[in-house]
Every structure is written in C-alpha cells, then in structure tokens.
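Student: Could you take me through how the features of a structure like this one are to be read, beginning with the terms and then turning to the cases?

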Amino acid sequence: MASDDEQVRNRKAKLDHLKDAGNDPFAVHRFPRTHTSAQVVTQIEAAEEAAGDADMDWDAAGFEVTVCGRLMAMRDQGKSIWADLHDDAGKIQLWAGKKQLGDDAFDAFSDLDIGDIIGATGHAFRTRRGEPTVELSEWRLLAKSLRPLPEKFHGLQDIQLRYRRRYLDLIVNPDVREIFARRTAAIRAMRSFFDDRDFQEVTTPMMQPLYGGANARPFTTHHNTLDMDLYLRIAPELYLKRLVIGGLERVYEIGRVFRNEGIDALHNPEFTIMEAYMAYADYEDMMELFEGLVCEMAVAVNGSLQFTYRDNEISLEPPWQRVSLLDAIREAPGVDFGEISGDEEAREACADLELGDMTQDNWAALLDKCFDRFVAPTLIQPTFVIDYPVQISPLAKRLPDRPHLTARFEPHIGGEEIGNAFSELNDPIDQRERFEAQVRAGACGDEEAHPLDEDYLLAMEYGLPPTGGIGMGVDRVIMLLTGCTNLREVILFPQLRPEEG
C-alpha cells in the first residue's frame, strides 16, 4: 500500500494532468443538484408503491436524477464500476458502465480517488439486491481530494485526532454527524419552547467592561481604540435582568460564554448557555419551566422521555424529585454546614472525609467539595437540589421563612449538574451587601468571587419586578440526551492543547 506522502504526490499529479487538459475541478462554481441521496431513495419507494410491485421494470419506470457528494467507495469490475456517493442526507450507490458513459468518461471515472467530490446525472433504479442506485449517463469532478481519508474499515478512532480534525471525523464517522444533527434538533426545540410561551429572544454583549452573573474566572482582552480592558462574558445574566427592568418581561438568550477554567469531560472554556427570565415568577415556576423544556428537547432528540445514560435508564416524567442541599450533605458525608459558621470550623468538620488539600478552602468551597464528592454522583434520576445558602448565592432571593437560605435550585440528571436557577434578588440594598461580601471573599483569595457591579446596582434601583430566572448548560443536556460521556463529543471544535511539534 502506498504511503500517505506517495498518495498525495499521485493525487497532485492527477490534478496537474486535469488542469493541463483544461478540466480544472476547482474552476467549477456551482452544480445544479436535483435530488439528495435520501430523496432518490424516497422517490424510488414512491414509484414502487405506485406500481405495486418491487420487481418493477426500472428501464421503463425509472427517472432521471442529478446528485452530488463525496466518493467513499469504488468497486471496479472491469467494464463497470460500482461506487458509493455520500452527501449530507446519507449515501446512494452509483453504477458506471463503459458502454453507457463511453470510453473516455469511463476511464476518467475509474481514475477518481476516494474522497473526490463529484456531481452525477443518471437513471435511478433499484438493483436486484435491493440497493437504490443511479446508472450514470454523465458526471463531473467538482473538487479533487489531495489527501487520502483514514482507512475505511477502521474509520477515525484516535480521539485527539478526531477533535483536532473534526472535518475528517464528520466525513468518516456517520454517527458523529448524527450527534450534531440531534444537537440542532434540541436547540430548535428549545427556541420553539420559549417562542410558544411569548418569550423574546435577545442578544447581549460578549465583551463586557465588568464580568458577572456567575462565579468563575474570566478571560481578558483589550480594545485598542478605546484603550480599555474588557472581559469575555461568563454569563449573560446581569444584562438580561437589565432588560426585565426595562420592561421586557420574558426574555431568553442562547449563546456562548467563556470561563477561564480547567478542561475535562464536563468542562470546556467556551460553551453554549441558555438563560431565560420571567417577570412575576419565582423559582417554583422555573422548576416547572425547566422540566417542560428538557422534556421537549428530549422528545425532539429521542422521541421519548426515557433514555439511557452511562448504563442508567432515566425517565424525565414530571414531577422531578427535590432534595435540600444542606439536608443532602448532612445525610451523605454527615457534615451539617447549616450549623458551621467559619472556614476553620468547616475544615475541622471535613478533616476525615479525604477531600484533598483543604488549607486554602473556605466554607463555600468545602460545601461544594462535599456535594460533588458524596451527593451529586447519586442523583441519577432528574432531581432539583434546592435552597442554597446565601453565602454561595449572591444573586438569589432569600427564603422568607429561612433568610439564611435562598430560593435557588440546580437540576441534576445522570449524576451531572445541568443548570442553575432562582428567584432573582431584586432588593438593591441587599444586592449591594452581597456584592461587597463577594469582594471581601475575593480579597481573601477566592478567584471566582463575584465583582461589585455599580451599573447593575443603579439599574436595580429603578425597580426589578419579582422575577424567576434559569440557566442551562446546553452542551451538557445534549451530552445526556445523546448518550455521550464527554462534552467534546457534542462540541464541534473543543479547545485542545497545541499539537507537539
């Protein structure tokens, strides 16, 4: 078998020969396709149904089509060639006969390489073996593939290569194309869900003079003309709530956010988020909204509210179970954070839990570690973890009967957290005090503390109505619904380390 370098040389030589003969494939600007591969199959089936006989006379009853796509297999039988043509809709078999095409066109067709992109016109029929096929009457090379595709029997299996060269992954692994088709269906369902409930889709700035709306480290950039540093947004929340203040009572946004954090199976520094805000609603309304949204996405992706994730059979049937955050931690690792007030006391309470180095961990960080280690992996069926302490919920409204807790929830499915939501804090005085507490936490080393946003506080002073808000990690939900176990499988171009060399 020729090496890749030798194959590249051979293919470039073929291209030079074509150009010298005045047949430069890259000079083609457009190609008038009449059918996709799937449409050919559908029309063949319709003709069979109309005739009432699958063994019909295709010479008399066939129809002409023009298709185009990438050659993925060729089987030369001397005076005829069978080939597989792939397009976005699937694949169709081609049959080229020397008698039908003529010597020159047939010889040129036989000289094509796997990966070449062609257009072809011919008579559609079904072979005796039942394969939908196009008998070629003419064809044209539309783009020459100068590099060989990965070996067809093994496909592209190297994980890093698949992510780095996603285009190859999509060419040779049809199941990957299916994942991203399902992703599109999920996002389409999401938009339909909110549009049907009179929400208005909006866009907010991705470059912001002050980041906010979540606890995360930002990316920093610089605007030359204004000579000022800007932050890539970590969340659209504060801008969306400004719109609610302005009278847009139901808004949502689907867009990219950027967090300067680690990369693993559940984290990518650039990801897709959905946030929605509804005036005159609370976190109970948001739970109902979140349930309905995920159910609608699941039906769009899988046609069902049941699916399998990590060998677990999961049902999205509402209502989802609810567990209190502090109660769940009190029951699992046995630490009562509701009775612990200081960082040192929290470290002492967690001393025997094998949580790693805790010397720099404060009360909130240890609570997170306990939850992530002992509680989250057990939440397989859809669960709302509710009522978070004020210390870790700077934007959520207090519960009237338990003011040390907030009306906040995080939904979990399959052991994964997929969102965040709460009754929005609309008291500007309380909000200022919480921002100031976050600033103090930042001064003590908390790199993810929320900054104090004076402009947002000014907006709040004009009056934010009682409002419920939800945020969803779109990539994580799609990962669950498609059965993927790594976020990179549902992001077309995930962030990767530079290739060595």
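Tutor: Let us begin with burial: a residue is buried under 20% relative accessible area, exposed over 50%, and partly exposed in between, with a 1.4 Å probe and protein chains only. F194, at 0% relative accessibility, therefore counts as buried, and F193, at 2%, counts as buried too. Keep in mind that this is a predicted model, in which local features need pLDDT of at least 70 and side-chain atom pairs count only at pLDDT 80 or more, while totals for chains, interfaces and linings use all residues. Residues are numbered from 1 along each chain as its sequence is written, and side-chain values use heavy atoms, with hydrogens and water left out.

Student: How many aromatic pairs does a search of the whole structure find, and what is the angle between the planes of F193 and F194?

Tutor: A pair of aromatic rings is described by the distance of the centres and the angle of the planes. Rings of Phe, Tyr and Trp (its six-membered ring) pair if their centres lie within 6.5 Å, and planes under 30 degrees apart count as stacked, over 60 as edge-to-face and the rest as tilted. The search of the whole structure finds 12 such pairs. F193 and F194 form an edge-to-face pair, with 5.4 Å centre to centre and 90° between the planes. F290 and W320 are also edge-to-face, at 6.4 Å centre to centre and 75° between the planes. F290 lies in helix α10 (residues 283-302) and W320 in the loop between β13 (312-315) and β14 (321-324), so this pair ties together parts that are 30 residues apart in sequence; both F290 and W320 are buried. Ring pairs also link F193, F194, F199 and Y252 into a cluster.

Student: Which residues of α9 are buried, and what covers them?

Tutor: Helices (H or I, at least four residues) and strands (E, at least two) are DSSP runs, numbered from the N terminus. In helix α9 (residues 237-245), 7 of the 9 residues are buried, so the helix is largely enclosed by the rest of the structure. The buried ones are E237, L238, L240, K241, R242, V244 and I245. Their cover, judged by contact (heavy atoms within 4.5 Å), includes β10 (250-258), β11 (270-279), β20 (419-423), α15 (454-460) and β21 (467-473). Just after α9, G247 takes a positive phi of about 110°.

Student: How far apart are the closest N and O atoms of the salt bridge between E237 and K241?

Tutor: Side chains of opposite charge can pair when their charged atoms come close. The criterion for a salt bridge is a side-chain nitrogen of Lys or Arg within 4 Å of a carboxyl oxygen of Asp or Glu, and the structure holds 32 of them. For E237 and K241 the closest N and O atoms are 2.8 Å apart. An α-helix has 3.6 residues a turn, so residues three or four places apart point the same way. Being 4 residues apart in α9, E237 and K241 are separated by about one helical turn, and both are buried. In helix α11 (residues 325-331), R330 and D327 lie 3 residues apart and meet in a salt bridge at 2.5 Å, N to O; here R330 is partly exposed, with a relative accessible area of 35%, and D327 is partly exposed at 34%.

Student: Where does the charged end of R242 sit?

Tutor: A charge sits over a ring if NZ of Lys or CZ of Arg is within 6 Å of the ring centre and within 35 degrees of the ring normal. The charged end of R242 sits over the ring of Y239, 4.6 Å from its centre, and that of R408 sits over the ring of Y388, 4.2 Å from its centre.

Student: In what order do the strands of the open sheet with β7 run?

Tutor: Strands of a sheet pair through backbone hydrogen bonds, either parallel or antiparallel. Two strands count as paired if DSSP finds at least two bridges between them. In this open sheet, 3 strands follow the order β7-β9-β8, and the pairing is antiparallel. β7 (207-208) and β8 (219-223) stand at the edges, each with a single partner strand, so one side of each is left without a neighbour in the sheet. β8 pairs with β9 (residues 228-232) over 5 bridges, and the bridge partner of F219 in β9 is L232.
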